[in-house]
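Grab a pencil and have a look at the fold below. Try each task before you peek at the solution.

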Amino acid sequence: DQGPAMSFRLALSLFFTLACFAEPELDDNVYVLNPDNFDDWIAKNDLTIVEFYAPWCGHCQSLAPEWAAAAAKTRKLKPPVPLAKVDADAHKDLASKYDVSGYPTIKIFKKGKASEYDGPREAKGIVNFAKKLAGITGAGSLTRLKSADAATELISASDSLIGIFREPTGASAMFNVFAEVAGDLPSYVDSPVKSAYSAAYKDDPIAAVFGIKSIPAVLFFKKGATEPVSMPIPRNKKEFTEDAITEWLDKALKL
């Protein structure tokens, strides 16, 4: 009876077929490409930016943390612009196919066609370059709320992200993180979300009307909602990051 043997061979064949189309490994938000997955990856993504590097290259080592920090943001853009990398020293044939002669060499792949990247080499600049490349324009605005009525008016008109902070906001690292998210918000959400904040030295009217006892606070209101979704604020201020806010907001938008 060849039944079990045939089933095993079919299962093995299916496994290898799926393995061929598996997503490339992610290394610190950067996709790791090699000759086995490169063509499939480029075909699958309408727009991606690929760094060809050598592990011993000093300029590549300097770029690595910036590339990773940018990749964490560009893969969440709407539409996404994933960043990838190829060890050109280990895969010389693949590198020579794209005329890579120095390191790092960065290529833009748009609908499979390669072109030279001549953009910035620091994280914020790379993200802004990727946004322009993807046709993402416009920045979010951050409105200061001076009364409970202003907050109610905002929430009745649109989905709203509201931050509540202590004065002086200029000295608050957490407020600065929130402001960065507000500015980038149109790049990361499918539907419009208005951003606003309230700040006071002592009694905050916005906090009072929504029963907020602990400040800082970050609240999301669906349009017309009377109760907010509150973000759990980490005790360690260093964990209050742009990624933490956008990941929480993404979940709140789906509730």
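The model is predicted, so local features need pLDDT of at least 70, side-chain atom pairs count only at pLDDT 80 or more, and totals for chains, interfaces and linings use all residues. Residues are numbered from 1 along each chain as its sequence is written, and side-chain values use heavy atoms, leaving out hydrogens and water.

**Exercise 1.** Work out the strand order of the open sheet and find its edges.

*Solution.* 
- Step 1: The order is β1-β2-β4-β3-β5-β6, with mixed pairing. Strands here are DSSP E runs of at least two residues, helices are H or I runs of at least four, and both are numbered from the N terminus; two strands pair if DSSP finds at least two bridges between them.
- Step 2: Zoom in on β2 (residues 30–33) and β4 (residues 83–87): they run parallel and are joined by three bridges. Y31 has A84 in β4 as its bridge partner.

**Exercise 2.** Describe how the axes of α3 and α5 cross.

*Solution.* 
- Step 1: The axes of α3 (residues 58–74) and α5 (residues 123–133) come within 8 Å and cross at roughly 40°. Axes are lines fitted to C-alpha atoms, for helices over the stretch in contact, and angles between N-to-C directions run from 0 to 180 degrees.
- Step 2: That makes α3 oblique to α5, since under 35 degrees is roughly parallel, over 145 roughly antiparallel, 65 to 115 roughly perpendicular, and the rest oblique.
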